[in-house]
Every structure is written in structure tokens, then in C-alpha cells.
Amino acid sequence: MFKKLTTGAVAVALAASVQISSVSAGESLYIPQLSYRTGPFAGGGTPIANGFGDYLAMLNARDGGIGGVPIVSDECETGYNSQKGVECYEATKGKGALVYNPYSTGITLQLIPKAPVDKIPVFSMGYGLSAAAIGEKFPWTFNYPATYWDQLSSIIKFIDSQDGGIKGKKVGFIYLDVGYGKEPIPLLDQLSKEMGFKVVKIPVGVKEMQSQGSQWLKVRKERPDWMIMWGWGSMNPTAIKEAAKIRYPMDHFIGNWWSGADVDLRPAGAAGKGYRSANMAASGTDFPALQDVLKYVVDKGKSQVKDRSQVGTVLYNRGLYNAVAVAEAIRTAQKLTGKKVITGADMRLGLENLDLSAARLKEIGLPNFALPIKASCKNHGSGGAIFMQQWDGKKWVKTSDGITPMTDRVRAALEKAADKYVAGKPDWVTQKCGG
Amino acid sequence: MDFLYSLFVGPFVDMFSTPDFLLQVLWEGFVTGTLYSLIALGFVLIFKASGVFNFAQGIMVVFSALTLVGLYQAGVPAYLALLLAVGVMALLAIGVERLVLRHMVNQPDIILFMATIGLSYFLIGLGEFIFGGETKSMITEQLGLPTGSTTFAPFGGVLILQHIDIAAVVIAAVLVAGLAFFFSKTRIGRALRAVADDHQAALSVGISLNQIWAIVWFAAGIVALATGIMWGARSDVSFALQIVALKALPVLILGGFTSIPGAIVGGLIIGFGEKLFEVYWGGLLGGGVEGWFAYVIALIFLLFRPQGLFGDKIIERV
């Protein structure tokens, strides 16, 4: 028995080493996944990782990879911890990683300076450092379809279109008191001055995520006309329950796209009716590409989802959309370089020239799934629009078309912030963009 | 001048001008304080029996609540799931005693503390392996716990009392009183105190250390389950709940690690203190003061009573 076990273990070890060597031989497209299925934020990290992994697995099963080259993707558990995220990066970058999707603003901030050194781009899709949208200053970082600042400006624009405008109103901003939550504050302060509304900032520490009594008492005291939330993990359902508790009008409470998942609203259920949030991709499985994911991956037992009902949720589709953008950037890179097996530098080119138009989305089986993305050398954030969704007590309902950001106000602020980041870093790699 | 006004005058003007809101703040402080007391009690019980700060108490809260919800989701009726969850906590207590504590009799406290850190990681892994990392809703209504709220109009204002909060206070009070009675008025309680003082001496007078440890860990498991149900009903059940348990640390510093009344009074002082300070003075410091203010209260008390409010004064002669 022992002999059998030993032989088995040796066989497994050999098989593993063969797989690793095939990766290093460069006959595949290696995409490491920095995921978090454990820890306080696992509720959000798990569906994202599932959606991301399942789409790539579907491409392997259906098409044999991208451009005929198989995709190799393995997960490294970060627990949403920046230090562990960097450890994952260091452990996987030598395997020929094409791109990193950190799924944490904290990890993104750590990886941004490493990207130009190791020549592996960082793609923080709809999160991370907003200033990284300025392609001239951050050639190796991408954050489309929209930066946090774009997203905030779209939400403010939405509020401005309601109830006679935002001027003279009071806006409460409740946020997770970490790098992610604080990221849009400079723009919020700027917009409040320019547009004439008052801001009440309400931080929620990680320890207080599930104990927000004080924060919502403060909301009751201040009586803001609108509430905006920049939350994540357990902070979201707790905030929504607390808002219902103090009878805050739910249709005046708007979350960003990390505060608008199914897991955030289900605990509140009917009490959360009317709550709004931003989003970047549709929910549901009524798309040919998602049907293929079900057919080639989920039904074959190759997915980590527990059952079919977990496919098509807000965060699952968000992770899937991220994988779509990565896959399309690889295709673009293959086309531009003429190579099937690409490098991190080629991938950067692919990400920078990505044109995920409505027509292309339809072609890949995702018609009207998301608003188009068009990147350029200058603009790594795309400056894309968001759409609003609203909780009807049981499910999310899309309630608006694309709301474009206030590009005129945001772009200048982003450039200023990018200049500030680069200042004092003489070795920082920048690029010149024509036109 | 504005700062001084906001510090010494403004908050009190607010309190008197909107007394209904002050009542709401005090009620929230009371509910939170009661729940803090309950969490702190779990720590106190184990500290009294083994002289060790049980680092795993937080994850025990999560693990017990996840067991309850997980069993219900697997088709077990709610009350049976509750009973089974109690059973699982009993098994855990026996397992901890057999596999961990029994091998550490008379070891330095720090070794026991390290063992609880190991246990904590084991339970996190086991919990995630069995139940997954997703957030789950507490089965509040299925357990017969009340939902909804009642509104009062004191001083012409609004005071909203959530029924689940009232239930939390009542259950916590009953549990705290029951455990306080059990551990102070029964033979086991006296044996517990003997074990806390000296393992070898307790063994020499015929106290079964193993039995006491298993009982105490089981009691701490029950407290963890009650905390998990109540806190889970107020927000949800996720692994983030284990962080809430750390809020009990300043309560323990304040009340003393060995005192059940200390855990109760400490919890209430921290509960009232942090809510009042966050709501009326928090803005002066940019908000988010709740995270550290509890430690400030604890430190102030420590200046005058280093052993905590009700802690045993340790006199060691050289």
C-alpha cells in the first residue's frame, strides 16, 4: 500500500513538473490568477475567481485556447492581503506570466512599480489607482472600463439629474477605510467645491464592517440627501441592513460597482428594495458565451461553482468579463505581433490597443453584455460609462443606459494626480503617445 | 475657538436639542455593549480555566454560526440544526481537550496561547473547506427570532427599537446570568477557579483537569454560538465576523481577564462609550474613531486599575 502511495506521489510530482516545464517552454498562454477564496472578503472573491477561470476554461475546451494556443491559468490565494498578493506575484512571474489581475487596490498599488521592471502589465479592471489611466505616465497599467474617479463622476452626474440637481444638497460618502475606499475622495472633494454640494465622509474600519451602528447613527444625525457607498465584502450587506434600520430612503442610496452584488443584497432581501448601484456588465446567463461556459465547463464538472445558479450572478459575470477583456487583448497582441505565443510586453501592446466594441461583443457571444471598451496609448482607463441597476427586493434590474463620466473634470484631475505620482521618481518609465 | 466649541459645547447642545436621538445612541450602545459582554465572556471562561487568551474564540463564533446555517441549508430543520450545532461545539470542546490541551498540562501559558493560534487557523481552514467562503444569511425567522421594529416617539422625536436587538439583549443577559451563576455557585465553578490558580495543585486535590477544560471550552462554544446567531442576524455570517470578536480585547483589558462581572460592565462601558464618542465627537477627528477609542477607554482605566476593573490583583513576592 505504502509502495503504491509512493509511486502515485512520484507520478503526480512528475506530471506537475511536466506541466510547469511546458509553461516555461512557452508553448502556452500563462495567466496567473491572484484570487481570494478565503478570508473576510471571500464572499466577493470567490464568484469573481469562478467567472474568470470558467471563461478561460471554456476557451480551452471549445476553441483549444486563443489562436490555437492553450491557456494555462492557476490560482494563487491572496486572502485580499497585499503582502500575500506580492508573494503570489513573485512566485508566479517567472513562469511567463502575461498579465496580472490583482483584484485588490492594495495589491495593485504594490504591483504598479514592478510592472515596468518585470515587463508584465497590470490590469486592474475597474479598480486600483485611478491616475493609472494616464497611459503616458503609466504605460504598464490598465484600469478600463472606467476608473474609480470616472465612476464617481458618473454617479454624481446621475444624482445631479434627479430631484432638481445636486447643488446645495448634502451627500454622505460611506467607505471602507482602506486604500480602495479612500481612492475617490480627492475627486469627491473637488466636485463638491465645483458643483456646490456638501460631503459628509463616513469611514468604516475593517473591524467595523459588521458593526456599523455608529456610522448609521451619524447618517441619521446628518440626514444626507443622498448616500454613496464605496464598500466591499461584509461591509455592503451590513450597511444596507443598517440603512433600512434607520429608514433611510433606499432609492437615494447608491453603491459603486463593488457594492452591488447579489451577495450584498440577499441578506437584506425586501428591506433593500430600491437600493441602486453602478455596474459594468450584465447579469444572467442569457448569452451564447455563458451558455458555452455552462455546456463546456460547468456541466462537465470542471468549474468550482457549487451549482448552475451561481453562474450569471453580478460578480461571476464581472470576473468573466475580466477574462473576456484579457482574452481579447491576447488576440489583439497576436494579431499585432504576428506571434501565437506572446510575452508580457506583447500583452501590454494588446491591452493598449484593445477595441472591445459592441460588434465584437456580439461576435464572441456577448451581445449587449457590457458597454464597449476602447483603449489607447493615452487612455488606459477607456473613460467608459457605467449603468445603474436597482434591487427590486429579489433581484437586480438594469435601470439606466450608459452614464458617461464627466471627462472634462476628471481627465484634468487624473493628469494632475499622475504627475504627482511620477514626480520624484527619476527612473520611472513613461511613454510618448502620438496625436 | 470653533474646535473648543465642538469639543465642549456642541455635542451637549446636540444631546439636549435632540434627546430622542440621544436615546437612540444610548440604546445602540447598550445593545452593542451587551454583545461585547457576551463575546468577552467566552474569553473570560477559558482564561479562568487555563490562564490563556483564547485566540480561537473569534473563529469559534464564525464556525458555530456556519455550522448552524450550513446544517439548515443541507435540509435539517432549524431547531434540530441548532441542537446539532450545540453538539458540534461539544465535540469541538472534547477534541480540543483530548488532542491539544491534555498534552500541555503545566506548560507555560505562552505555549497554550500558541496552541490556540494554531487551533484558530485549523478552524478557519476546516470552516472554509466545509462551508466555503461565501457570505450566508442567518436563519433568524426559522429560529423563531423576532424581526421588524417598534417605533416610539419620546420628546416628540423618533426612537426605533429593532426586535432582534431586544432579543439579543434578553438572550445575552440570560446567558451571562446563567453562566455567571454556574461558574460562581457550583462545584464546577469552584473547581474552575482552582484550575485557574495552579494546574498541579488542582490535580493534587482530585480535580479532573481534563473534565474542567472540556466543560469550559463547551461553555465558550455555546457563548460563541449565541454570539454568532445574534451578530449574524444583525449583519450576516461570514469569516469577517471573527474580526468583530477582537473588539472584546479592550473589554477584557477594562473588565479584567478573570472576571465575569468585569466582562459585563466592561462591555457596557465600551459599548456606550464608543457610540457616544463616535457620534458626537468623532467628526472632530475625521470619523472612524470607534476602532481605537475602545482601547483609549481601556487604557484610561488601566492607569488607575492595572488589573482591570474587577480583575484579581496579583501580588508576587520575590
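Analyst: First, a bit of bookkeeping: the radius of gyration here is taken over C-alpha atoms, and the globule rule is 2.2 Å times the number of residues to the power 0.38. This is a predicted model, so local features need pLDDT of at least 70 and side-chain atom pairs count only at pLDDT 80 or more, while totals for chains, interfaces and linings use all residues. Residues are numbered from 1 along each chain as its sequence is written, and chains are lettered from A and ligands numbered from 1 in the order in which they are written.

So, chain B. A compact globule of 318 residues would have a radius of gyration near 20 Å, and chain B comes in at 21 Å, which agrees. Along the principal axes, its C-alpha atoms fill a box of roughly 65 × 60 × 35 Å. Of the 318 residues in chain B, 49% count as buried, meaning 20 or more other C-beta atoms, placed from the backbone, within 10 Å of their own. Among contacts in chain B between residues at least 6 apart in sequence, 76% join residues at least 24 apart; a contact means C-beta atoms, placed from the backbone, within 7 Å.

Now for where chain B meets chain A. That contact takes 32 residues from chain B and 33 from chain A. On the chain B side, the elements giving two or more residues are α2 (19-50), β2 (159-162), α10 (241-245), α12 (260-281) and α13 (290-304) of chain B. Of these, α2(B) gives the most, with five residues. By class, the chain B side divides into eleven nonpolar, twelve polar and nine charged residues. Here Ala, Val, Leu, Ile, Met, Phe, Trp, Tyr, Cys and Pro count as nonpolar, Asp, Glu, Lys and Arg as charged, and the others, Gly among them, as polar.

Note on methods
Two residues are in contact if their C-beta atoms, placed from the backbone, lie within 7 Å. Helices (H or I, at least four residues) and strands (E, at least two) are DSSP runs, numbered from the N terminus. A residue is buried if 20 or more other C-beta atoms lie within 10 Å of its own, exposed if 12 or fewer, and partly exposed in between; C-beta atoms are placed from the backbone.
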